[in-house]
Amino acid sequence: MDREVGHLPFSVKDEIASLKWVKIVTVGNPGVGKTCIIKHFCEDRFTPSYQATVGVDYGFKIQAVGEVEVRVHLWDMSGHSDYSEVRSELYVDSQACLLVYDVTNKASFDNLDYWLKEITHFTTEPVDIVIVANKVDVKTKKAIPKEEGAKWAQSRNLRFFETSSLSGHGIQSLFQEVLKTVLQRYDT
Ligand SMILES: Nc1nc2c(ncn2[C@@H]2O[C@H](COP(=O)(O)OP(=O)(O)OP(=O)(O)O)[C@@H](O)[C@H]2O)c(=O)[nH]1
Ligand SMILES: [Mg+2]
């Protein structure tokens, strides 16, 4: 390449500067479905077998929110305690955090306070923290009724969403709502 630094026309530079970038992290106990939620959002697919995330995974999607195209970076963090140091670095500068529990697994719900503490310790304001009750497709083994999850979220002043990465229920609206909130902050 024989192009010199600064060869790009100003309009291209302005164009790049005007793009909206959003960083989202997912957190919660191992196995609650963080990776599957992101896979569903980015690739519209579900994997029934469980492959624990080693440290961190990454997803990217260009998502339309109304008239705006948003470049969404998704940092999918392992819920395993071995990786708390990795997580502590990834929280920085995230604009939204999805705190996920599994409606069939009480321990994952009971641990939400632990996760919330970790999130508030490492994230930098402003960050939109939301509670995600995942695996709502499983009707027979529900350990946490919707009302209990919603009440917990309300008591901490956090928004509550239900999802299934198997059926796709609630995934699009979760990301739309979160991205809308982040974009509103962008413009203020
Ligand atoms: N029925 C059902 N199963 C799900 C759903 N989401 C995830 N799973 C299953 O739950 C298991 C764990 O999902 P993962 O997405 O790998 O969980 P994770 O939270 O990323 O786990 P770590 O990476 O270990 O922190 C897998 O076997 C998935 O197929 C869901 O909405 N419904
Ligand atoms: Mg994972």
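**Ligand 1 shell.** I sorted the residues of the shell around ligand 1 by type: eight are nonpolar, 11 polar and three charged. I kept in mind that this is a predicted model. Next I checked which of the 22 residues come nearest to ligand 1, and found Gly 33, Thr 35, Tyr 50, Thr 53 and Gly 79. I then asked which element gives the most to this shell. H2 does, with three residues.

**Nonpolar core.** I turned to the largest nonpolar core, which has 40 residues. Ile 24, Val 25, Ala 96, Cys 97, Leu 99 and Val 132 touch the most other members. I listed the elements that give two or more residues to this core: strands E1 (20-27), E3 (68-77), E4 (96-102) and E5 (128-134), plus helices H2 (34-43), H5 (112-122) and H7 (171-186). I followed up Val 25. Setting aside residues up to four places away in sequence, Val 25 touches Trp 75, Met 77, Leu 90, Tyr 91, Ser 94 and Cys 97.

**Leu 98.** I located Leu 98 in strand E4. Is Leu 98 buried or exposed? Leu 98 counts as buried because it has 26 C-beta neighbours inside 10 Å, and the cut-off for buried is 20 or more. Beyond four places in sequence, I found Leu 98 in contact with Ile 24, Thr 26, Val 130 and Val 132. I also looked up Val 27.

**E5 and E6.** I looked at how E5 pairs with strand E6 (residues 159-162): the sense is parallel, over four bridges. Ile 131 has Phe 160 in E6 as its bridge partner. I traced the chain from E5 through helix H6 (residues 146-155) to E6 and noted a right-handed β-α-β crossover.

Conventions
Residues are numbered from 1 along each chain as its sequence is written. Chains are lettered from A and ligands numbered from 1 in the order in which they are written. This is a predicted model: local features need pLDDT of at least 70, side-chain atom pairs count only at pLDDT 80 or more; totals for chains, interfaces and linings use all residues. A nonpolar core is a set of buried Ala, Val, Leu, Ile, Met, Phe, Trp, Tyr and Cys residues joined through C-beta atoms within 7 Å. A residue is buried if 20 or more other C-beta atoms lie within 10 Å of its own, exposed if 12 or fewer, and partly exposed in between; C-beta atoms are placed from the backbone. Two residues are in contact if their C-beta atoms, placed from the backbone, lie within 7 Å. A residue is near a molecule or strand if its C-beta atom, placed from the backbone, lies within 6 Å of it. Ala, Val, Leu, Ile, Met, Phe, Trp, Tyr, Cys and Pro count as nonpolar, Asp, Glu, Lys and Arg as charged, and the others, Gly among them, as polar. Two strands pair if DSSP finds at least two bridges between them. A crossover is right-handed if, with the strands pointing away from the viewer, the path from the first strand over the helix to the second runs clockwise.
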